[in-house]
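Dear colleague,

Please find below the structure that I am handing over to you. My findings follow it, arranged by region.

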Amino acid sequence: MSSAPSGPLVVGVDSSTQSTKALVVDAATGEVVASGQAPHTVSSGTLRESDPEQWWEAFREALRQCGDAAREAAAVSVGGQQHGLVTLDTRGRPVRPALLWNDMRSAPQARRLVEDLGGPGVWADRVGSVPTPSFTVTKWAWLAEHEPASARATDAVLLPHDYLTYRLTGSRTTDRGDTSGTGWWASATESYDEDILRLVDLDPALLPRVVRSGEVAGTVHADDELPFSRGTLVAAGTGDNAAAALGLGLRPGTPVLSLGTSGTVYAVSERRPTDPTGTVAGFADAHSAWLPLACTLNCTVAIDRVAALMGLDREAVGPGGSVTVLPYLDGERTPDLPHASGMLHGLRHDTTPGQVLQGAYDGAVHALLGALDAVLDADADRSEPLLLIGGGARGTAWQETVRRLSGRPVQTPEARELVALGAAAQAAGLLAGEDPTAVARRWGTARGPVLDAVERDEETLSRITSVLSDAVPLLSRDHEVGEVRGG
């Protein structure tokens, strides 16, 4: 049985695409005192929408599961999925379901916006990123074009974490970390970009106030719906990647590989990112630095699919062989091959299913490391351990493949629920007037076993690079267009 908390209690929240989690944490030690989780639904098919009211209900249910501990909390902070478009009417109610980060219907608007502002270099210089259909600015452009009545009825535009903070406080606020992923926040001036807002016909008065790190976003004003006392402090909150960076207490240059359905790599940097190729998203972190980030689309989900095709457990990799697998089953973002499909090269009579599975791991990690090279500053220490987080991080095959292809030590933090822990660190920092990354380091959230570096497998890396180079013309082909032309 755990000892009584030695400090005030705080609540950290992770409102993700599929569910909302809440942790009650001892602000002094980082010990998780209680936790709860409740699901919400996302529309099926090609559209990805979710009712913000469900997020609120899931939040309340997760807090209910935390029991009496939540009633003692002195501060709360919300981390949430990035990029989602939440539109509220004059009564503070959703005009329509939120358009989520993985709703891709605004691809035509993204292409047009890049051109209308003067090209990708202009976007990178002004907002730090080149917008994709994930970005909020493209979703608002789609809404204004296809649902003008909804756009006219909108009195406030928020991100998912902003919505929960609004329900807590009654104030419309955001933070620099999450708003840096909208596409209408100028990273060069750290303010809303009025030219871009005019481009998409969005009144800046509809946007939330950007709360600075360490500043109180508001206090809890809700009545009997929540266990918190009226007046409980509410921190700014932030987006999920910035919250996870807080949860790890990241120092500049420490690389993170997040192994989920898709792969994400990032590191805190003191330099403002401006990548005109669009590979690196130049996000801000939740404090005063930057969080350059790159994604691969095919990570654990692609490996699990190949394992299923081979009839193998995901850990049943086989050594040796010269098979190369490019596991770009859903197209790929890094490298930029949106029309790609998976490719297997070098199959021999003696190739085993386990070698094919290992080849899929190799191909996925090759893409991740390519994304990481784009993220890291040129002077970053290449010998520092890679931090593995996410659903695949505890898999032996993932760990060993990253270790072998990177030539670097690999560390797997023992702490779980890093987004909610980062939000909790933000709440604790608010109470103590302390940098939340220092809070997380004091909690020791990044502690975990370290696998020593091994010699980098240059032969495998070169083979994958060579096959990929030769295959790019084929993988770049839009097969649907090709079929129409050939008809």
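Is α13 mostly covered or mostly uncovered? Helix α13 is mostly covered, with eight of its 11 residues buried. Buried here means under 20% relative accessible area, exposed means over 50%, and partly exposed lies in between (1.4 Å probe, protein chains only). Helices (H or I, at least four residues) and strands (E, at least two) are DSSP runs, numbered from the N terminus.

Before I continue, a note on the source: this is a predicted model, in which local features need pLDDT of at least 70 and side-chain atom pairs count only at pLDDT 80 or more, while totals for chains, interfaces and linings use all residues. Residues are numbered from 1 along each chain as its sequence is written, and side-chain values use heavy atoms, with hydrogens and water left out.

The buried residues of α13 are Ala397, Trp398, Gln399, Thr401, Val402, Arg403, Leu405 and Ser406. Just after this helix, glycine 407 adopts a positive phi of about 70 degrees.

At least two lining residues come from each of α12 (353–375), α13 (396–406) and α16 (458–475). Helix α12 gives the largest share, namely five residues. By class, the lining has five nonpolar, four polar and four charged residues. For these classes, Ala, Val, Leu, Ile, Met, Phe, Trp, Tyr, Cys and Pro count as nonpolar, Asp, Glu, Lys and Arg as charged, and the others, Gly among them, as polar.

A cavity is a set of points where a 1.4 Å probe fits but cannot get out, whereas a pocket is an open set with protein on both sides within 12 Å along at least five of seven lines; lining residues have an atom within 4 Å of a point. Grid points are joined across faces, edges and corners, and a volume is the space filled by probe spheres set on the points.

The cavities

How many cavities of 30 Å³ or more does a search of the whole structure find? The search finds two.

The largest cavity has a volume of about 50 Å³. Among the residues that line this cavity are Val157, Asp162, Thr174, Trp184, Tyr192 and Pro208. Its lining divides into seven nonpolar residues, three polar and one charged.

The second largest cavity has a volume of about 40 Å³. Ser129, Val130, Thr132, Phe135, Gly278, Val280, Ala281 and Arg333 form its lining, which by class has four nonpolar, three polar and one charged.

Other buried elements

Helix α10 (residues 240–248) is largely enclosed by the rest of the structure, because eight of its nine residues are buried. Alanine 242 and leucine 248 are among these buried residues.

Phenylalanine 283 belongs to strand β18 (residues 281–284) and is buried, at a relative accessible area of 4%.

Helix crossing

The axes of α14 (residues 418–432) and α15 (residues 436–443) come within 8 Å and cross at roughly 115 degrees. Helix α14 is therefore roughly perpendicular to α15.

Axes are lines fitted to C-alpha atoms, for helices over the stretch in contact, and angles run from 0 to 180 degrees between N-to-C directions. Angles under 35 degrees count as roughly parallel, over 145 as roughly antiparallel, 65 to 115 as roughly perpendicular and the rest as oblique.

Backbone points to check in the loops

Two residues have a positive phi although neither is a glycine: aspartate 201, at about 55 degrees, and glutamate 417, at about 50 degrees. Aspartate 201 sits in the loop between α9 (194–199) and β12 (209–211) and counts as exposed, at 65% relative accessibility. Glutamate 417 is in the loop between β23 (410–411) and α14 and is partly exposed, with a relative accessible area of 32%.

Finally, a cis peptide bond with omega of about 5 degrees joins threonine 334 and proline 335. Proline 335 lies in the loop between β20 (324–326) and β21 (343–345).

With kind regards

Key
On a 1 Å grid over the protein atoms alone, a cavity is a set of points where a 1.4 Å probe fits but cannot get out, and a pocket is an open set with protein on both sides within 12 Å along at least five of seven lines; lining residues have an atom within 4 Å of a point.
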